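Grab a viewer and work through these exercises with me. Each one sets a task and then walks through the solution.

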Amino acid sequence: MKEKLRSKILSALLAVCLIAGILAGCGSAPQTPDNSTPPQETDPSQSTPDSSSDSETVKISLWRPQFLLSTVDSNQVRKVESAINDYIADKINVEISITEIPRSEYIDKANLAIANNEMTMLWTCNWFTTIMTDDLVRQNALYDLTDIIKDSVLYGTMPEGIWQASRYDGRDYFVPCYKESAEGNDIVFATELAEKYNWDTSAVKSLRDLTPFLADLKNDNVPYPITWQNRGVFFKFNLDYFDFITGNDSAVVVDRATDKVINVIETEQYREWVTLMSEWAEAGYLKEDEVTKTVPATVVNEDTWGFTYWTDVPVNAEASSRYGRPMSLIPMTGVWANSSTTLGSCYCVTKNSTPEEAKACVDFLGLLYTDNYLSDLFTFGIEGEDFHYEDGAVVSTSESYKHSAWESASVVSITPAQGEPENKIDLYIQFNENANVSSAAGFRFDSSEVQAEIAACNSVYEQYGYVLQNGGYPRDQIESTLEEFQTALDNAGFQKILTAASSQYEDWKATR
């Protein structure tokens, strides 16, 4: 059974190589570099094309957080590290040391290690504080891997669009973990509700089409016919129209139709959204609790709500597990890869590394992302001690070493865990392959010169924008409130932010 699964993983790896370049956005699809060979499953008795017995082994150090365990068993980490080095010895000229840190301590300790030149490579993401991807680039703490990656096996393990969306100023500083690399949004509801009220949701194409269903729920005294869970979600349901390049709550966006930076508050989509939310609030479908941010966090774990949002993932069956009952989804947007979707989990090499060490890191990641045995070892630990295979799936049994696929390597090369769909790898490949790539993918707004204006505008967004987006103003006050909102933004320096973002974006486009 395990050999059959490995064959499937190899086929999936080859499929990724074939689709690399499909996600290039507009124009002809960029091709995988000529020197990038298709990934192959590695047998312990064979060496890879990257190995060279005449070259000196390069030592690298990798730091990563431990998310699943409260403490780190250093002895078991050393055993896994030794097993990894034994396995890769005749494949690549790399010897790796692994430092694992509990998540709660990782940020501080990793920052200190960077300052003290104690690491070669580290795991990071775009949502940690102080050590997030933006911070590391801003601090000039990273090695530019562009010229190394483009001629590597690693480059062929992911579609071009994912690399494109992960870049800073056109340069490759990060290697994303290959997981879901795009975002789409749906409406989710309990399947039993459709059966109870005899709903036909197949004709729902927009949020407004939900109105008759919300009326059914309101008439049946359901407390929350629809809930946004105390969030502003305008951005979620307008991904097909805009790329929110300066933040999900910002009015400065790229209009996908014109590929220009615009003020989203002036768009028809924004006006339609705030009008619909006002109508729903007046009808009692959207509760005032959304405006006051007092919707109980436990609501979505109960049967007191009808509809809410769901962020699309390759395995949408997870919605039923999340909410504890069978759920149905209504797609509301396409799936988009942009500058914030690909770096939720990634690796980078520190600035102090030598060229030899940087290449060794890329060689290691190239093998990690293409070799099923190595991926499982790195992710789950030692077979028979930390995990075992059951019907071809991984069953983790250890409290000494274990990680999740999303923060380890490529989902394509890692054996699915017990309880995950057998076709998980295919679902992830299809999800990423079918994603749209934003024209702004890879653009990073430099806000350093408008920090004061951004802080002032954020206060205005909270005062007006959030309330408008959640139905906090009566329908007959929408137009006047929008005018007040825009005036308050302009007084806070909004136009300076808009001009800066537009200028930077046009300059960026000219150099792509």
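**Exercise 1.** Find the bridge partner of H388 in β15, then describe the hairpin of β14 and β15.

*Solution.* Start with the partner: H388 is bridged to V395 in β15. Now zoom out to the strands, which are DSSP runs of E at least two residues long, while helices are runs of H or I with at least four residues, both numbered from the N terminus. β14 covers residues 387-390 and β15 covers residues 393-396, and the two are antiparallel, with four bridges. They count as paired because DSSP needs to find at least two bridges between two strands. Finally, look at the turn: two residues sit between the strands, and D391 has a positive phi near 55°.

Before going on, a word on ground rules: this is a predicted model, where local features need pLDDT of at least 70 and side-chain atom pairs count only at pLDDT 80 or more, while totals for chains, interfaces and linings use all residues. Residues are numbered from 1 along each chain as its sequence is written, and side-chain values use heavy atoms, with hydrogens and water left out.

**Exercise 2.** Is F307 buried or exposed, and which residues does it touch?

*Solution.* First locate F307: it lies in β10 (residues 305-311). Its relative accessibility is 0%, so F307 counts as buried (buried is under 20% relative accessible area, exposed over 50%, partly exposed in between, with a 1.4 Å probe and protein chains only). Then list contacts, meaning heavy atoms within 4.5 Å. Leaving out residues up to four places away in sequence, F307 touches I187, V188, F189, W199, L210, F213, L214, L217, P225, I226 and T227. One of these, L214, is 93 residues from F307 in sequence but 8.3 Å away, C-alpha to C-alpha.

**Exercise 3.** Describe how α2 packs on α13, and how α15 packs on α16.

*Solution.* Two packed helices are described by the angle between their axes and the distance between the axes. Here axes are lines fitted to C-alpha atoms, for helices over the stretch in contact, with angles from 0 to 180 degrees between N-to-C directions.

Take α2 (residues 74-88) and α13 (residues 372-380): their axes come within 10 Å and cross at roughly 165°. That makes the pair roughly antiparallel (the label for angles over 145 degrees). From α2 come V80, A83, I84, Y87 and I88, and from α13 Y373, L374, L377 and F378. That contact splits into nine nonpolar, no polar and no charged residues.

Now α15 (residues 451-469) and α16 (residues 478-491): their axes come within 9 Å and cross at roughly 170°. So α15 is also roughly antiparallel to its partner, α16. Among the residues that meet are Y461 and Y464 in α15 and E484 and F485 in α16. This contact has 10 nonpolar, two polar and one charged (nonpolar covers Ala, Val, Leu, Ile, Met, Phe, Trp, Tyr, Cys and Pro; charged covers Asp, Glu, Lys and Arg; the others, Gly among them, are polar).

Methods
Parallel < 35°, antiparallel > 145°, perpendicular 65-115°, else oblique.
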